[in-house]
Amino acid sequence: MKILKKIFKVFLALILLLVLALLIVVVVDNNNTSYLKVNNNPTAKNNSYIIKNVNIIPMHIDTVLTNKMVYVKEGVIQQIADHIEVENIEVFDGQQKYLSPGLIDMHVHVWDKYELGLYLSNGVTSVRNVWGMPMHLRFKELINNDEILAPNFYTTGPKLTGPEFIGDDNLNLISPEQAKENIKRYKEKGYDFIKTYYGLPEDIFDAVLEQTQASDMDIVAHPSQKVLYSYHFNPQIKSIEHAEDIVQQPLEYTLDTVKLKAVISNFSNHKNTHFCPTLTVYNNIYQMIIDDQILSSEGLAYMNPLLKEVDSKAQFDRWQNTKLRDENIKTTIKNQHDFHLKIIKELNDAGGVIICGTDAGIGVTLPGFSLHKELAFYKEAGLSNYEVLKTATINASKTHKIMNNLGSIEVGKTANFILTKDNPLSDLSTLQKPSFVFIRGRKLDREQLNNFNQKAINRSNLIATGLRYAENLLFEM
């Protein structure tokens, strides 16, 4: 009996040591991202000031307002005029640079706080996270309480799938009743939207539509192959994701321009349902096929280490193996990507509403940096610079009511800005390295933004990320 007690005590001690070690890992990781705290950035503490000598790209109209002043009070735009006088306030000289709304990425997967700094460094001042976990609710709380410098953060709950689509990254629903109960639970927990995913059958999908309306929650839809694509044009569904799913579902894996017309017509007739193409993540399949060294590339140093080790490697191996079996795969993927550009052009010309999303945080799609690649694809498709910018500003802000205070430079809107040397309506590339980023009125200069990049390179938070993912599996799914 005494031996058993000793064994039990040793076992208990080992468990306690393991728990303590894991807690230390999380604490250290949190401490390593303390550079994002507002209190640790003295130059960002002030969110009330006047900006003078600035050219404004408002984005709710296609124009440039030259040599203006902007009055920001506690992170909100109060006045835009030729001349503004306010006593006892800081005046920031815009030096005749160009002030445009902060960019919005409407389809991301955030894995740690380091990525929040990477988004800001790239001028992305708002993100819609579409794979919700408990850690994201904590991120939201920190951001909403103005404790850390990070993009405005909105998140779906966990992905809702049907009973046949098994995986630890989604919630399998087996009945309409279960769907309704989980939507109520996610609403109570504080998730902003519901994400529907692959494999939802019609009866469960109908329950999701019914309960999201009752719970006042918008749906972000990764199309389900268990219903018609046209089924997704429902008032509760505010955006449909992924250009490749148009090819896979209504076009039945063909690059059929005739069938495409019906899809385009649906989008143009349902302007409250926006389209989020995520061209970058699909194009990155092509990049993995043609670049055998992509996993060791400089850019991948910004990827979360757990995702790089698991998802990036798995996707790379998949497409490298596919290349060995199918000598035409490179041409097939490139042709479909080019067809995606055609979809963008025709949808835009028909009056459909496009919102910029990248699927960053998956495969080799980098947080922050990938948004500029996505915008460049829209430009390549044939959109004007103004039309391209709308996808990541005013169009995105109109997708959900809770985002209506973003996306343009108007009185009453949140002071999320990017200040660039050149006019992005003439040169989109100027957005890649903004001189300043303003997040809820707090100014970040290029030196601070570069520091955010440096902090994220080759970070060693693999175990901390794994623990947060385990938390999701244990308590959310």
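Against which elements do the buried residues of α3 pack? They pack against α2 (113-121), β6, β7, α4 (176-189) and α15 (462-475), where packing rests on contact, meaning heavy atoms within 4.5 Å. The structure is a predicted model, in which local features need pLDDT of at least 70 and side-chain atom pairs count only at pLDDT 80 or more, while totals for chains, interfaces and linings use all residues. Residues are numbered from 1 along each chain as its sequence is written, and side-chain values use heavy atoms, with hydrogens and water left out. Helices (H or I, at least four residues) and strands (E, at least two) are DSSP runs, numbered from the N terminus.

The buried residues of α3 are Pro134, Met135, His136, Leu137, Phe139, Lys140 and Ile143. Here, buried means under 20% relative accessible area, exposed means over 50%, and partly exposed lies in between (1.4 Å probe, protein chains only). An α-helix has 3.6 residues a turn, so residues three or four places apart point the same way. After α3 comes Asp146, with a positive phi near 60°. Asp146 belongs to the loop between α3 (134-144) and β7 and is partly exposed, its relative accessible area being 28%.

Strand β6 (residues 124-129) runs parallel to β7 and is joined to it by 4 bridges, with Val127 opposite Phe153 of β7. Strand β9 (residues 193-196) also pairs with β7 in the parallel sense, over 3 bridges; within this pairing, Leu160 has Thr196 of β9 as its bridge partner. Strand β8 (residues 171-172) is joined to β7 in the parallel sense by 2 bridges, and Thr161 stands opposite Asn172 of β8.

Within the order, strand β1 (residues 49-56) and strand β4 (residues 90-101) pair in the parallel sense through 7 bridges, and Leu99 in β4 is the bridge partner of Ile56.

A helix pair comes next. The axes of helix α8 (residues 279-290) and helix α10 (residues 329-349) cross at roughly 160° and come within 10 Å. The two helices are therefore roughly antiparallel to each other; angles under 35 degrees count as roughly parallel, over 145 as roughly antiparallel, 65 to 115 as roughly perpendicular and the rest as oblique. The crossing of α8 past α10 is left-handed, a term for a near helix turned anticlockwise from the far one by less than a right angle, clockwise being right-handed. Residues making the contact include Leu279, Tyr282 and Ile289 of α8, and Ile333, His337 and Ile344 of α10.

Several loop residues complete the picture. Asp291 lies in the loop between α8 and α9 (305-325) and is partly exposed, with a relative accessible area of 29%. Its C-alpha atom is separated by 9.7 Å from that of Phe316, 25 residues apart along the chain. Ser224, in the loop between β10 (218-221) and β11 (237-241), is buried, with a relative accessible area of 0%. The side chain of Ser224 reaches the backbone nitrogen of Gly199 at 3.5 Å. Leaving aside neighbours within four places in sequence, Ser224 is in contact with several residues, among them Tyr197, Phe205, His232 and Gln249.

Most residues other than glycine have a negative phi. Glu252, in the loop between α6 (243-248) and α7 (257-269), has a positive phi near 55°. Glu252 is exposed, with a relative accessible area of 52%.

Methods: Two strands pair if DSSP finds at least two bridges between them. A polar contact is a pair of N or O atoms within 3.5 Å; within protein, one must be able to donate a hydrogen and the other to accept it, and residues adjacent in sequence count only if both atoms are side-chain atoms. Axes are lines fitted to C-alpha atoms, for helices over the stretch in contact, and angles run from 0 to 180 degrees between N-to-C directions.
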